[in-house]
Amino acid sequence: MRRGCFFLILIMSLGTFIYLAPLYFKGSLLDPNAGVLNWGLVATIFVSLTILGFFFEFERAAAGAKEIALVSMLGTISALSRLPFAAMMNFQPCTFFIICSGYVFGPVAGFMVACLTALISNLFLGHGPWTPYQMFIWGLVGITAAWLRKLPLSKSTAVVALAAFGFLWGWLYGIIINVWFWTYFVYPLTLKTYLLTLLNAVIWDATHALANVFFVGIFGARVIATMERFKKRFYWSIERDGVK
Amino acid sequence: MQISLRYKDKGTVIHRLNPFAKLAWVGSVTLLAVIFEHPLFLLLLFLATLPVVILARAWREWVSLIRFVIYMSLVIVIINSLVMYHGTHVLLEFTFEIPTLGNPKITLEAICFGLGMSLRLLAIVSAFTVLNFTVHPDDLMLAMIKLKLPYKSVLAMSMSTRFIPTLAGDLERITDVQRARGLEMDKGRLRQKLKSRGAVLIPLLANSLDRTVQVAEAMESRAFGALKKRTYHREIRLGTYDLVTVCAAISPFFFGLYLRYLGYGGYRYYPSLQKIDPGQTGWLFLAALAVLLLLILPLAWRRRRYILD
């Protein structure tokens, strides 16, 4: 657990550094506008290595066939749910599925479901340089959804919290994913150009945030209850004071 | 539920080409598009993708993607021209102030920079067309395993692709069952319609989770994970000829890196546009890069004849 936490903090610090470096290290070697470093490549390499790191974590955490089959199935459901909504400007339920998966089955499962969502749905919608970014951001959604589990929430407040969480991630998704477009095609990399890039996608992000609230509000309680029931039936663990 | 993969087996020489070679080639073009700034180099990368797309008979699908590229290109040109005032040839100067942007000056150089970056996007999207339309998902998974990516993750991906038709079938069956029970899914407003989909979604989820256990039990009964080193039912064989093809596919990337090291492939847009002519040596290097990029075609052609013989 400690190792996982350390890994996550390292990723988040590195990610924040890469994200903010173009804005604060003007004139130095780290300034992407100086032409020494290609910031698009730096960000893509970082994102890809992070995903690889989590794949290795899954290799360690997935003890048997059950875990692999579970994330595959949830990943497929999530990916397929994205397809009918492809033309609806990011109004789609897959972020909702990822949130529920992370919330019920934990951070590693949440991350893997997210990765599979991007990989499988893009077999239909098209892969591109955006795929690793989608895997990364949805992965973060899955991981952070698991954190909500630690809050003392009742069933009804959990749905409200998840809806607010989904709304926040709808916007954060846009804020992070636009980095690939910004670093690859826009010059210079300044706060102004970044905000303009975000402005271009503001409708997509707004519909994404609303879709998350909508789907969590309508299906959240029932989907979580179904997943919880499955978890209780098929998983067991030994705790210090007895069998759970 | 009608779903179809982007991949269609059209049996062309590009479809028959080793997936590693295609991955290496698409990776090379994408990376070169990111490291090059010179419009001629970017144009070459884009043009090099066209014969591959045509030979793969993915032309129609490619055209449908162009709409997306045109929209994104417009955005690229607008953003770049609104924020970059270092160009010397001012085409338009705003007389009124735009919040946070001030009085933008649209310069020729900024528009050219936007067009150059659009060319970069075009080359990348065009290269990925080859990957999306000619590499079978199973081959992609096998390639990932061969590349020593964590096995359990790749297995999860492979199982996911396997579950797609199963889930689509389940969805159809559950929808029919609910309709037979009198559920009217297409009535009411959008919110009502989506709500009634819940009557399909929840049983589908419960059914799928139960199926998960069956699949896991089936895997365990076949001794999944008993041995550290696994065996394969189907393998991508990487013979000498395939290795040569992969090397040929990756060669443009290393050559491009060398050119960047020599100082070619860069371009100065500001304060005024640099001369576009790369010079005699530059043209020679461009021609050499074109040959390396297209080397994959005769190799693909020869491979088919080799298999037929």
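**Figure 1. Helix H2 of chain B.** H2(B) has 17 residues and reaches 24 Å from its first C-alpha to its last, close to the 24 Å expected at 1.5 Å a residue. The expected span is 1.5 Å times one less than the number of residues in the helix. Helices (H or I, at least four residues) and strands (E, at least two) are DSSP runs, numbered from the N terminus. Of the 17 residues of H2(B), 14 are buried, and the helix is mostly covered. A residue is buried if 20 or more other C-beta atoms lie within 10 Å of its own, exposed if 12 or fewer, and partly exposed in between, with C-beta atoms placed from the backbone. This is a predicted model, in which local features need pLDDT of at least 70 and side-chain atom pairs count only at pLDDT 80 or more, while totals for chains, interfaces and linings use all residues. Residues are numbered from 1 along each chain as its sequence is written, and chains are lettered from A and ligands numbered from 1 in the order in which they are written.

**Figure 2. The two domains of chain B.** The domain assignment of chain B gives domain 1 as 13–138 + 236–308 and domain 2 as 142–221; such bounds come from an automatic or database domain assignment. Between the C-alpha centres of domain 1 of chain B and domain 2 of chain B the distance is 38 Å. Six residues from domain 1 of chain B and four residues from domain 2 of chain B take part in the contact. Two residues are in contact if their C-beta atoms, placed from the backbone, lie within 7 Å. On the side of domain 1 of chain B that touches domain 2 of chain B, helix H2 (19–35) and helix H6 (137–146) of chain B each supply at least two residues. The largest share of that side, three residues, comes from H2(B). The residues of this side of domain 1 of chain B divide into five nonpolar, no polar and one charged. Ala, Val, Leu, Ile, Met, Phe, Trp, Tyr, Cys and Pro count as nonpolar, Asp, Glu, Lys and Arg as charged, and the others, Gly among them, as polar.

**Figure 3. Helix H10 of chain B.** Helix H10 of chain B covers residues 279–294, and its 16 residues reach 22 Å from the first C-alpha to the last, close to the 22 Å expected at 1.5 Å a residue. Its buried residues are B:Phe285, B:Leu289, B:Leu292 and B:Leu293. Seen down the axis of H10(B), these buried residues fall within an arc of 95°, so they line one face of the helix. The arc is that of the directions from the helix axis to the C-beta atoms. Helix H3 (39–55) and helix H9 (240–262) of chain B are what the buried residues of H10(B) pack against. On the face of H10(B) turned away from its buried side are the exposed residues B:Gln280, B:Trp283, B:Leu284, B:Ala287 and B:Val291.

**Figure 4. The side of chain B that touches chain A.** In this interface, 55 residues of chain B are in contact with 48 residues of chain A. H2, helix H4 (59–83), helix H5 (108–134), helix H7 (151–180) and helix H8 (190–221) of chain B each supply at least two residues of the side of chain B that touches chain A. H8(B) gives the most to this side, with 16 residues. The residues of the side of chain B that touches chain A divide into 38 nonpolar, eleven polar and six charged.

**Figure 5. A:Phe58 and its contacts.** A:Phe58 is placed in helix H2 (residues 39–61) of chain A. This residue counts as buried because it has 21 C-beta neighbours inside 10 Å. Not counting residues up to four places away in sequence, A:Phe58 touches A:Val108 and A:Met112 in chain A, and B:Pro150, B:Lys152 and B:Ser153 in chain B.

**Figure 6. A:Phe219 and its contacts.** Helix H9 (residues 202–234) of chain A contains A:Phe219. With 23 C-beta neighbours inside 10 Å, A:Phe219 counts as buried. Leaving aside neighbours within four places in sequence, A:Phe219 is in contact with B:Gly198 and B:Leu201.
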